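Thanks for passing this one along. Have the model open while you read, and click through the residues as they come up.

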Amino acid sequence: MNNIVIERASVSDAEKILSLQKLAYQSEAEIYNDFSIEPLVQTLEQPQNQFEDHIILKAVVGDAIIGSVRAYEKDGTCFIGKLIVHPNHQNRGIGKRLMNAIEGLFPNSRYELFTGSKSEKNIALYEKLGYKAFTENFISPDLSLIYLEKRGI
């Protein structure tokens, strides 16, 4: 785990991050044997545009990006996008290191993030990191968004 570096991503990393996100969504669908989990459909331009108003962190081993998370702050709340870790690098503390780095960048914020209801594994991970569910929005009979939060110190 010592060879994993957490650093700020740049626009030149967008293609690798997009590939990682697609792989993670596909893996999640396979894990849950639920192919209604839609693959990420984004053009490369969409993640490139996020660099304008988001901080995107990456977990790197050599020149491979094995994890990412994005966040932005508005009115004292840090909104955190879905934490992505390469399926072959699960359970190595990468998610915790990425989330700690985000919290280090926004130390006095209220933190808010969401995960899909079919992602029990993701919810359990966030709960281990100190986040708690505070509301759920039903999108359709098969999908709802569960919002989790953690208060800054």
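Here are my notes, from the overall picture down to single residues.

1. **What we are looking at.** This is a predicted model, so local features are considered at pLDDT of at least 70 and side-chain atom pairs at pLDDT 80 or more, while totals for chains, interfaces and linings use all residues. Numbering starts from 1 along each chain as its sequence is written, and side-chain values use heavy atoms, with hydrogens and water left out.

2. **Confidence.** The mean pLDDT (the predictor's confidence in each residue, from 0 to 100) is 78, and 72% of the residues reach 70 or more.

3. **Layout.** The protein has 4 helices and 8 strands. Both are DSSP runs numbered from the N terminus: helices are H or I with at least four residues, strands are E with at least two. Going along the sequence, the order is β-α-α-β-β-β-β-α-β-α-β-β.

4. **Surface and packing.** Of the 153 residues, 44% are buried. Buried means under 20% relative accessible area, exposed over 50%, and partly exposed in between, with a 1.4 Å probe and protein chains only. The accessible surface is about 8,700 Å², with 50% of it belonging to carbon and sulfur atoms; areas come from the Shrake-Rupley method with a 1.4 Å probe, and for residues only the protein chains shown count as cover. Taking the contacts (heavy atoms within 4.5 Å) with a separation of 6 or more, 61% are between residues 24 or more positions apart.

5. How many of the 7 residues of strand 2 (residues 55–61) are buried? The count is 6, so this strand is largely enclosed by the rest of the structure. Strands count as paired if DSSP finds at least two bridges between them. Strand 2 pairs with strand 1 in the antiparallel sense over 4 bridges, and Val 5 stands opposite Val 60. Strand 2 also runs antiparallel to strand 3 (residues 64–74), joined by 7 bridges; one to look at is Ile 56 with Arg 70.

6. **Two hairpins.** Strands 2 and 3 make a hairpin with 2 residues between them, and Gly 62 in the turn has a positive phi of about 65 degrees. Strands 3 and 4 form a hairpin as well, with 2 residues between them; here Asp 75 in the turn has a positive phi of about 50 degrees. Strand 4 (residues 77–80) is antiparallel to strand 3, with 4 bridges, and Lys 74 has Thr 77 as its bridge partner.

7. Is Ser 68 buried or exposed? At 2% relative accessibility, Ser 68 counts as buried. Setting aside residues up to four places away in sequence, Ser 68 touches a list of residues including Ile 17, Leu 20, Leu 57, Ile 84 and Leu 98. Glu 73, also in strand 3, is partly exposed at 42% relative accessible area. With neighbours within four places in sequence left aside, Glu 73 contacts Cys 78, Phe 106 and Ser 109.

8. **Helix 3.** The 12 residues of helix 3 (residues 94–105) should span 16 Å at 1.5 Å a residue, and the end C-alpha atoms are 17 Å apart, which agrees. The expected span is 1.5 Å times one less than the number of residues. Buried residues in helix 3 are Ile 94, Gly 95, Leu 98, Met 99, Ile 102 and Glu 103.

9. **Aromatic pairs.** There are 2 of these. Rings of Phe, Tyr and Trp (its six-membered ring) pair if their centres lie within 6.5 Å; planes under 30 degrees apart are stacked, over 60 edge-to-face, and the rest tilted. Tyr 72 and Phe 79 have ring centres 5.2 Å apart and planes at 25 degrees, so they are stacked. Tyr 72 is partly exposed at 30%, and Phe 79 is partly exposed at 26%. The rings of Tyr 126 and Tyr 131 have centres 6.2 Å apart and planes at 75 degrees, so that pair is edge-to-face. Tyr 126 is buried at 1% relative accessible area, and Tyr 131 is buried at 0%.
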